[in-house]
Amino acid sequence: MNMGAFEREVHRSADLIAAVGRYAAEKDYLCITPGFRVPRGSAGGAVGDLATAMIRQYPGSALCGWTAARLHLHTMAKSREIVEVLGPKQIRRRGVLSRTAEFDADDIVVRYGLPCTSPLRTTMDLIRYTAGDEGIAAADQCLRVFGRPATAHRPAWVSRPAMATTAQIEAELARREWWRGTRIRSVLDEADGRAQSPWETFSRLTLHRAGLTTMIPQVPVLDGEYFLDLADEEHKVAVEYDGAHHRDAKQHAADVERWNVLEKDLGWNLIIMTSGPLTNRPDVLLRRVRTALAERDHPATSG
């Protein structure tokens with residue numbers, strides 16, 4: 001994830017005016033929130049600018065929630081525009097969500113020069129404060145290791161360890177007896193850190209809640225040459241989520257070759273899903289999977 005959003009120069013307006021004068025400060029710098037400016041036209045982002053300004057304005061505070069998750073490279077965080085700040089003082093600023101919950105020194109780490117909640121504390125906060133299945137998807141991406149296990153064709157690699165493990169979360173709940181852990185434990189009951197995207201989580205939840213629990217995340221094929229999003233290995237039925245990044249020409253070409261190998265050479269029945277039908281007509285996914293499984297149980301006989 002590009003972290004340039006947190007790397008632009010953020011200046012206090014008073015200091016800037018003292019250094020370059022009011023005219024130059026207003027002409028060459030953009031006010032992002034009362035009391036702070038950034039150079040006009042420079043690369044960066046509104047979330048990073050406002051987050052940096054709030055940390056400077058309110059010493060003793062730390063970034064939390066989705067803003068901390070962005071710093072920890074959580075895949076769902078880059079679309080969140082609200083800056084979340086944890087600290088002893090309530091902050092009332094446009095674009096800022098202020099939390100005054102208690103935190104210990106070991107709850108805070110520094111990322112890209114900014115204090116934020118640790119990966120473990122961030123994971124627990126995302127689960128506590130993110131409603132519904134989105135909270136389960138958020139947990140999946142926290143529990144996920146970014147990388148691949150070793151296969152016959154390539155060595156193992158890890159670009160980011162899991163933000164937290166289930167054991168770490170349970171230990172933290174036991175340590176903080178005053179926390180209500182019901183929400184966290186209910187999310188962990190349905191979480192699975194193998195999902196490569198939130199939409200894989202939503203697909204899995206749709207299938208498993210309907211009783212189709214043989215559809216397992218990230219099933220390896222050809223000794224790990226391919227991984228299927230959700231698959232029943234015995235029946236060779238798989239669900240693949242086709243997201244926006246698959247629109248890239250090079251990626252699309254690789255996908256077509258992959259699908260041909262899986263279907264034509266290896267005999268898999270692939271069900272390709274996109275976000276629209278999954279959101280609005282989950283019954284279509286269920287029907288297709290059930291039909292595919294039934295056909296493999298009772299194949300048509302030739303005359």
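**Basis.** I worked from a predicted model, in which local features need pLDDT of at least 70 and side-chain atom pairs count only at pLDDT 80 or more, while totals for chains, interfaces and linings use all residues. Residues are numbered from 1 along each chain as its sequence is written, and side-chain values use heavy atoms, with hydrogens and water left out.

**The sheet.** I looked up the strand order and found an open sheet of 4 strands, β11-β12-β13-β14, with mixed pairing. Strands (E, at least two residues) and helices (H or I, at least four) are DSSP runs numbered from the N terminus; two strands pair if DSSP finds at least two bridges between them. β11 (216-221) and β14 (269-273) are the edge strands, each with a single partner, so one side of each has no neighbour in the sheet. I noted an average twist of 45° from one strand to the next; angles run from 0 to 180 degrees between N-to-C directions of axes fitted to C-alpha atoms, for helices over the stretch in contact.

**One pair.** β13 (residues 237-241) joins β14 in the parallel sense over 5 bridges. Glu240 stands opposite Ile272 in β14.

**Helices on the sheet.** Helix α10 (residues 249-265) touches β11, β12 (226-232), β13 and β14, at about 50° to β12; contact means heavy atoms within 4.5 Å. Helix α12 (residues 282-297) lies across β12, β13 and β14, at about 180° to β14.

**Helix α7.** In α7 (residues 166-175), I found Ile169, Glu172 and Leu173 buried, that is, under 20% relative accessible area with a 1.4 Å probe, protein chains only. Their cover includes α5 (119-129), α6 (132-143) and α8 (182-190).

Notes: Buried < 20%, exposed > 50% of the residue type's maximum accessible area, 1.4 Å probe, protein only.
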